[in-house]
Amino acid sequence: MTQDELKDAVAAAAIAEVEPRLERDTILGIGTGSTANLFIDRLARLRHDFKGAVASSEASAERLRGHGIEVFELNHVGTVPFYIDGADEVNAYLHMIKGGGAALTREKILAACAERFICIADGSKRVERLGAFPLPVEVIPMARSYVARELVKLGADPVYRQGVVTDNGNQIIDCFEFMIDDPVAMEARLNAIVGVVTNGLFAARGADVLLLGTEKGVERLT
Ligand code: 5RP
């Protein structure tokens, strides 16, 4: 199977996971990226079975609206029963690196507000140790150089993601050569750097369920 077919298989598995739990007043949290897009496309068929969605990016909001799914502001919603999103890397503890699509801050907010975080990923995303994928860090623009120097002190090779402005008006630094032994501790350590808005480690609040697309089928890990 191609990577896209594996992504579509986990999107279908996530639909099977949430469909029986949809109510007329359900508002879903929806992530960002190619796997989340496949989920959104499959969700369109169910648009009359639930109320709407909160999106982790303008791009996902636009795609949802394009399918006739109403998009709500999180401040008008509170908690969401499910947050469905992809990942750039995920380990055995369902800790993740996210933010390859620069949507990490809104993704982390939605993950925090979700009763259940369902991670959907093709098998290439499963790793023993997080960090081969460059860890994204969203920064306030005026703090970019300062934060980069602090990241060097922690052992990273920080690279400014040129030309990218997040939905929040901020910038992204990607941390290369930064293998992570203790994701929970490192997430907190990075959050403590002044000027950091969010880092792409989702460990303090990882996923509750991982639907992983493999050649043998979709594995469900909790
Ligand atoms: C966006 C993300 C995505 O979930 C992550 O990049 C995975 O993307 P894809 O599904 O395209 O592989 O964190 O900020």
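A polar contact is a pair of N or O atoms within 3.5 Å. The legends below apply this cut-off to a predicted model.

View 1. A polar side-chain atom of E107 is placed 3.0 Å from an oxygen atom of the ligand. In the side chain of K98, an N or O atom lies 3.0 Å from a ligand oxygen. T32 contributes through its backbone: one of its polar backbone atoms is 3.1 Å from an oxygen atom of the ligand. The ligand taken alone exposes 380 Å², and the protein buries 90% of that area.

**View 2. The shell of residues around the ligand.** The ligand is surrounded by 17 residues, and the closest are S34, T35, D88, G99 and K125. By class, the shell consists of 8 polar, 6 charged and 3 nonpolar residues. The ligand takes up the space of the second largest pocket.

**View 3. The open sheet formed by β4, β5 and β11.** This sheet has 3 strands in the order β4-β5-β11, and their pairing is antiparallel. β4 (89–90) and β11 (201–202) are the edge strands; each has a single partner strand, so one side of each has no neighbour in the sheet.

**View 4. Pairing of β5 with β11.** Strand β5, residues 96–97, pairs with β11 in the antiparallel sense over 2 bridges. I97 has L201 of β11 as its bridge partner. In general, strands of a sheet pair through backbone hydrogen bonds.

Technical notes
Residues are numbered from 1 along each chain as its sequence is written. This is a predicted model: local features need pLDDT of at least 70, side-chain atom pairs count only at pLDDT 80 or more; totals for chains, interfaces and linings use all residues. Side-chain values use heavy atoms; hydrogens and water are left out. A residue is near a molecule or strand if one of its heavy atoms lies within 4 Å of it. A polar contact is a pair of N or O atoms within 3.5 Å; within protein, one must be able to donate a hydrogen and the other to accept it, and residues adjacent in sequence count only if both atoms are side-chain atoms. Accessible areas come from the Shrake-Rupley method with a 1.4 Å probe; for residues, only the protein chains shown count as cover. On a 1 Å grid over the protein atoms alone, a cavity is a set of points where a 1.4 Å probe fits but cannot get out, and a pocket is an open set with protein on both sides within 12 Å along at least five of seven lines; lining residues have an atom within 4 Å of a point. A molecule sits in a cavity or pocket if more than half of its atoms lie within 2 Å of its grid points. Ala, Val, Leu, Ile, Met, Phe, Trp, Tyr, Cys and Pro count as nonpolar, Asp, Glu, Lys and Arg as charged, and the others, Gly among them, as polar. Two strands pair if DSSP finds at least two bridges between them. Helices (H or I, at least four residues) and strands (E, at least two) are DSSP runs, numbered from the N terminus.
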